[in-house]
Amino acid sequence: MIGRVRSGAAALGCVLLAACAGTPSPPRYPEASWSAGTDGVATPTVSDARPTGAGASCTPGEGFSSGAAANRWMGGLDGLPAWRSADVGVSVPLSDGRVVWVFGDTGRAAGFTPRMVSSSALVTDGNCTSQWTSAADGPFLPNEPGSVCWPSSMVARKVGSADQVLVACSRVRRGSGHGLFDFTYLGMSLVRFEVSPGKVSTVPEGHTVTPDRDDSRQVNWGAAMVLDQGWVYLYGSQQGKSQFGARRLVVARTTWETASDQRTWTFWNGRTWSSSANHAQPVIDRNPGVSQALTVHQVNGKFVAVSKKGGDLSDTVAVWSAPSPTGPWTVVHEHLMPYDAGNSVVTYQPLAHPQIRLASGQLLVSVSRNPKDLQRVLAEPNLGRPTFIEVPTP
């Protein structure tokens, strides 16, 4: 679920050049079963779907005690009515002890039309997992006509007895080739919903933050978000000349209430906060660079970023640490995670989940996977589910 802007012959030339230079080429899905750009524009209600059949009972025992246990959880999600595979999987803890997971493109069982929708939501409560679904069997996050909303980051805060949740979306238009990278990034949207203790969410409401622009060099705002001292920090990734190469990372800040209005944002210029987005300077430059989306969290009094180091097609998951949201950022750990994982499966977009405490004390990180052939992910959904690893906690 990594979007890019296509520019006709120029984009094709870049793809061919990357292949000639030995860079791994992204898979293409010549398959018309992707959900349409306008699917699920309206989500009238949200309901809680429990697992059925063999997966109906909560799994006893280990929960999320380790990366291996998390992989067993992910591998056992076979009883949900409309969830067979998905990428991304940003997560936030709720104040009632549950964890909400929001995924991107989600494969569903035969009998659902379309077989894939652009987003989904799972909720874990101890060892139990359920799915929040829309009454129309559409995506969890609302789409706009002509584009889909792919989650890139998520934050939550408690207000009264409820939790308010903010999801940053990459608003993308699907390409005609139905490829994993065959998408046009248009802009950023924010989706808001609220969750009362023990209840399902309110209907997610989408808000356009940046207008549609067919510009491959624009900043992908919402690549990561983090809360600190009343501020919402929104990170943006920006590609260089290579569509699949390392990206620089910039940061803006605003308040929770005004986050949907970019006119209220200020941008870090390397010394202070500026009202002009043109003054934004990278907090992590393209050397070493980050992937299109990543995570930033506060962990043990530090700010911790997790991303593919060097871009989406790189072979290294890196952990950065910083004393503040603006840096300075230092790579403190690297973990080998080849883009081409073998068996015609690729890996991308590592995301940290520090709210899940592991017995080892290490940091839980999920890495998205997908086979190069769409028919395989529909037939073998486990190949299209994130895999979990443990990395040292800074």
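The largest pocket in this predicted model has a volume of about 540 Å³. A pocket here is an open set of points on a 1 Å grid over the protein atoms alone, with protein on both sides within 12 Å along at least five of seven lines, and lining residues have an atom within 4 Å of a point. Grid points are joined across faces, edges and corners, and the volume is the space filled by probe spheres set on the points, the probe being 1.4 Å. Of the 25 lining residues, the closest to the pocket centre are Pro 93, His 297, Gln 298, Pro 354 and Gln 355.

Side-chain values use heavy atoms, without hydrogens and water, and residues are numbered from 1 along each chain as its sequence is written. Local features need pLDDT of at least 70 and side-chain atom pairs count only at pLDDT 80 or more, while totals for chains, interfaces and linings use all residues.

Which strands supply the lining of the largest pocket? At least two residues each come from β2 (85-93), β7 (148-159), β11 (220-228), β16 (295-299) and β21 (363-371); β16 gives the most, with four residues. Strands (E, at least two residues) and helices (H or I, at least four) are DSSP runs, numbered from the N terminus. By class, the lining has 15 nonpolar, nine polar and one charged residues. Ala, Val, Leu, Ile, Met, Phe, Trp, Tyr, Cys and Pro count as nonpolar, Asp, Glu, Lys and Arg as charged, and the others, Gly among them, as polar.

One of the lining strands, β11, also belongs to an open sheet of five strands in the order β11-β12-β13-β14-β15, with antiparallel pairing. Two strands pair if DSSP finds at least two bridges between them. The edges are β11 and β15 (273-274), each with a single partner strand, so one side of each has no neighbour in the sheet. Between β11 and β12 (residues 231-239) there are seven bridges, and Val 226 stands opposite Tyr 233 in β12.

Strand β9 (residues 183-195) has 12 of its 13 residues buried, so the rest of the structure largely encloses it. Buried means under 20% relative accessible area, exposed over 50%, and partly exposed in between (1.4 Å probe, protein chains only). β9 pairs with β8 (residues 162-174) in the antiparallel sense over 12 bridges, and Arg 171 stands opposite Gly 187 in β9. Four bridges join β9 to the antiparallel strand β10 (residues 205-208), where His 207 stands opposite Leu 190.

In helix α2 (residues 67-75), the buried residues are Gly 67, Ala 69, Ala 70, Trp 73 and Met 74. Seen down the axis of α2, these fall within an arc of 160 degrees, so they line one face of the helix; the arc is that of the directions from the helix axis to the C-beta atoms. They pack against β3 (99-107), β5 (120-125), β6 (128-134), β21 and β22 (387-391), a contact being heavy atoms within 4.5 Å.

Some loops have backbone details to note. Thr 113 and Pro 114 are joined by a cis peptide bond with omega about -5 degrees, and Pro 114 lies in the loop between β3 and β4 (116-117). Another cis peptide bond joins Asn 287 and Pro 288, with omega about 20 degrees; Pro 288 lies between β15 and β16.
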